[in-house]
Amino acid sequence: MNRMQRRALLQAFSVAFVAAASPHARANDVSVPVGLQSALIGKVATFERTFRARSGSTARVIIVHKRGDSARVAKQMAQALNELPDIAGVPKSIEMLEWTNPAALTSAVAARPTGLVYFSLDLEAEAPAIAAALAGTNVLTVGATGAMATSGASVGFELEEGRPKIYVNLRVSKAQNLDFRAELLRLVKLV
Amino acid sequence: MHSSNLIGKIAWPLGACAILVLSPKPAHADDASELAGLLSENVVSGASKSAELASDAPATTSVLTAADMRRYGIRSLAEAIDFLGMGVVTQDPLHSVEVGSRGVLLTGDYGDHLLVVVDGHVLNEPWNGTAYYEQGLAVPLELIDHVELVLGPGSVLYGGNAMLGVINIVTKKASAQSGLTVVAEGSVSPQQGHDGAFTSFAPSDLGNAYRLGLGFGKRFRLFGEDASFVAQAELYRQNGPSFEFPLQEGNVNTAGSPTNFGPRAPALGVWGGRVHDQYYTTVPTAWGTLTVGDLTIQARASRYRRATPYVNYFNQLASDFDEPRSRETDQWLSLDIRYQKHLSDRFSLTAHGYGDDYRYEERLYNSDAVQCADAAPEPCFTVPIGRSRWFGAELQANIDWLKNDALTTLIGTDVRVRHIAARIDTDLGSGQTLSSFSSGSVTEVPWAVYAQQRYSPTRSVHLNAGARLDSDPRGGKHVSPRAAFAVDPWRNGVIKGIYAEAFRPPSFYESAFHPSDDTIVFSSLRPETVRGLEASVEQQFLGAQRLLFGVYRTWWDDMISLTVTDPSTFALAYRNASTISNFGFNTRFEGNAGPWAYGASLTGGYARRTSADGSVKLPVAPQMFGNARFSYDLPGDWPTLALASSFVSARLADRANDGNFPVTPTAPFSLTLRATISGEMPGVTGVSYRVSGNYISASHSPYVAGPIQSEDPTVADRPPAALAPVNRLSAFATLTYNLPL
């Protein structure tokens, strides 16, 4: 190995080390690409019998997020949902809500008829509190990950063996007064 | 279960399906169909190093899932490729299997024209480009989440070796492999005689194999971060079945005397008979992945030891007959560290460090000392040894310009240091090394930079273009470009077009091959290159049913092969000696309906190699191959029934083009059938089972067996070539116990 080669190698390792050590946001990401998630959301809503009645003339969608990767994924989802012509045949409006506490979320949901709440990354720890806060309301809650559905959202998405899976939490769904058609439940993984 | 009940259980869903098909559909039936279609979309990461729909990816891909591997009784990557894949095929010489794609299979290449990647870690080692596809792959099957077969030249992001394509293996996360897993698998095969006849089913005559595994997976918190650990250790061991080889008489050694093939050969100068002890494999493997936050550390250790039951041209030119001490051993230690983070909404960075230590040793025992690599006074071993160690760092940046994954730039650099050494020893039977020759070593620093631009101006148009510059001390500088588009011109349909190039620098083994020299002198070889053009159309219909048809054309240049450089002394050396012209089609259908799952693929590939000696078909490479399968999930606790098949057309044997045999040795059309029953063990929580039977219609593979690898064309009365047998019949069972923790 000559001197130039040694120097190039040293530089590459130095850059890699510095990059790895810098204290920035985490590299969390969704396993099911956001574009595919938005298409799945559009379909899942058609199988929820109360969605149209609840939404009225416009399906209000609230995207809840934290900072960092959570906000990044939330913005991607907002763009992806905006590209859908409608959700379950209903025109939609998209709102972003930065996570503070369950009460603020409940208040936002109760302010106007809400068709769907999407929870971006990093809200798994808050999911049980969210589920408790939204119990008794009529809203479709969708998590960016399967873990979100396991912890407290009605629906979540996870990549299994290279294919997207829809996770459905029936307990949470029942508490949120959701009524899924059997055709959907045959295609999903109940958690 | 009464048969009438079983028929009833199968018949009523069929009847129900028929009624559903014939009945007017409710409005949401279309939604259900479309949702099923979305859920059948494969998400791949191997083609562009980012997660994307397979239909949008800049390559033709097949995804082999763990669920399909379970239900169809798959036990190795090679079997998964043959029974479930499209465009890739393997051939089993009772050694490590060989792999080819779409009409091109380069026999004797030890897998160095196809890149194997496990979770981003390249397995092909730099001494000889070796990668394995059977149990020698040393990745426990239970840890594989899915396998992506990425067809066509793929050097644009991966560099050398990705000429036929890339096999991207993705392992399971702890969420999918949690708790303690115990695996026990066993198989038996009957003794075989000439022409593949079954000569004994007696228990003492059965060949056998078993695999014992212990796995563990858990998620936990560490240093305030989400963490997980997945690991499995296993031992695979195979012994037999026993094969009988026809006698080959009149063999003489280089001294002109009848060759002594050892105490198990029938007589001096005669090779053949029944092999009892020289067909075995042992593979202990340990594999583990630790993830803490954004950091992933993966490690692998394995040893792959095997004995090939016959003398042949590709790995065992001279050995005693049925000599278990003649065998090959590969040892692998791998470490991979990856750290990925999003620095902003637009910018993410991946730092990847890797290192491997690989050792290869073959020992060929010869009672006839003249057969050894160096003159020996007594029975001796010829011991080729190769060793490669390498470590490197890859830094990759991804810029999502519009923050919606529609316009992304990937740039990366990869620098590695590799040390390679080789020699050929002659050892005495006592183990003492008599001499070493053709020895040498080298330390090299190859590097690469690459860039890829993805752009999706609308949801229906996906463009991808990129290039990689590799600088390799043995191949010089080489640029590998790729450009691809995927458009959805109509509902649920995708048209794709791809142009891609790849290259393979000459391996150390090829560069240093000078058998007459004491020390290694490197040849000046150019890298092999391939250019590929392909187009495909894929249509999704009736929900989860998908049909793909594609055509392709590839041009291979500067192909390296062992060439006679001086006919008077029969001196051999690797040279850039030929080109390959290849074209064909591949098609695939797969889908599911209720409890039924099914799929089929067919690949036709025409390939000819042209050199100074003329134009010939590629030996061993099938020009037509494919598979078909279906499975049915019985209701409730009843098992899943599955039938899988694969076939390869007749193909030339490895010595067909230069063996001077009176009849061109050709392996016949071969059909493999595998029936599998699998399910959860009734009444025993956590225990699952599968039982399979496997049958191969052909009796021989395309490999010439025995010391007569070529004949004198001037002799009038030459015997035909003897082809190697195949293991035609086997039955096996797997028990898996999972204990949640």
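Helices (H or I, at least four residues) and strands (E, at least two) are DSSP runs, numbered from the N terminus. By this count chain A has 9 helices and 7 strands.

## Basis of the report

This is a predicted model, in which local features need pLDDT of at least 70 and side-chain atom pairs count only at pLDDT 80 or more, while totals for chains, interfaces and linings use all residues. Residues are numbered from 1 along each chain as its sequence is written, and chains are lettered from A and ligands numbered from 1 in the order in which they are written.

## Chain A as a whole

Chain A has 191 residues, of which 52% count as buried. A residue is buried if 20 or more other C-beta atoms lie within 10 Å of its own, exposed if 12 or fewer, and partly exposed in between, with C-beta atoms placed from the backbone.

Two residues are in contact if their C-beta atoms, placed from the backbone, lie within 7 Å. Among contacts in chain A between residues at least 6 apart in sequence, 68% join residues at least 24 apart.

## Two helices of chain A

Helix α5 (residues 102-111) and helix α6 (residues 127-134) of chain A pack at an angle of about 40°, and their axes are 9 Å apart. Here axes are lines fitted to C-alpha atoms, for helices over the stretch in contact, and angles run from 0 to 180 degrees between N-to-C directions. α5(A) and α6(A) are therefore oblique to each other; angles under 35 degrees count as roughly parallel, over 145 as roughly antiparallel, 65 to 115 as roughly perpendicular and the rest as oblique.

On the side of α5(A), the contact is made by Pro102(A), Ala103(A), Leu105(A), Thr106(A) and Val109(A), and on the side of α6(A) by Ala129(A), Ile130(A), Ala133(A) and Leu134(A). By class these residues divide into 8 nonpolar, 1 polar and no charged. Ala, Val, Leu, Ile, Met, Phe, Trp, Tyr, Cys and Pro count as nonpolar, Asp, Glu, Lys and Arg as charged, and the others, Gly among them, as polar.

Asn138(A) is placed in the loop between α6 and β4 (140-143) of chain A. With 17 C-beta neighbours inside 10 Å, Asn138(A) counts as partly exposed.

Leaving out residues up to four places away in sequence, Asn138(A) touches Thr50(A), Arg54(A), Gln176(A) and Asn177(A). Asn138(A) and Asn177(A) are 39 residues apart in sequence, yet their C-alpha atoms are 5.3 Å apart in space.

## Where the chains meet

The contact takes 47 residues from chain B and 40 residues from chain A. Helix α2 (residues 27-39) of chain B gives the most to the side of chain B that touches chain A, with 8 residues. That side of chain B has 23 nonpolar, 13 polar and 11 charged residues.

## Strands of chain B

Two strands pair if DSSP finds at least two bridges between them. An open sheet of 5 strands in chain B has the order β3-β8-β9-β6-β7, with mixed pairing. Its edge strands are β3 (60-65) and β7 (121-122), each of which pairs on one side only. β3(B) runs antiparallel to strand β8 (residues 144-151) of chain B and is joined to β8(B) by 6 bridges. In this pair Thr65(B) stands opposite His146(B).

Further along chain B, strand β27 (residues 493-504) and strand β28 (residues 528-541) pair in the antiparallel sense over 12 bridges, with Arg504(B) opposite Glu528(B). β28(B) also pairs in the antiparallel sense with strand β29 (residues 545-566) of chain B, over 13 bridges. Phe541(B) stands opposite Gln545(B) in β29(B). The hairpin of β28(B) and β29(B) has 3 residues between the strands, and Leu542(B) takes a positive phi near 45° there.

## Backbone details in loops of chain B

The peptide bond from Gly240(B) to Pro241(B) is cis, with omega near 15°. Pro241(B) is in the loop between β14 (225-239) and β15 (243-248) of chain B.

Leu94(B) is not a glycine but has a positive phi of about 65°. Leu94(B) lies in the loop between β4 (88-91) and β5 (98-101) of chain B and counts as buried, with 23 C-beta neighbours inside 10 Å. Asn660(B), also not a glycine, has a positive phi of about 55°. Asn660(B) lies in the loop between β35 (651-652) and β36 (666-667) of chain B and counts as partly exposed, with 14 C-beta neighbours inside 10 Å.
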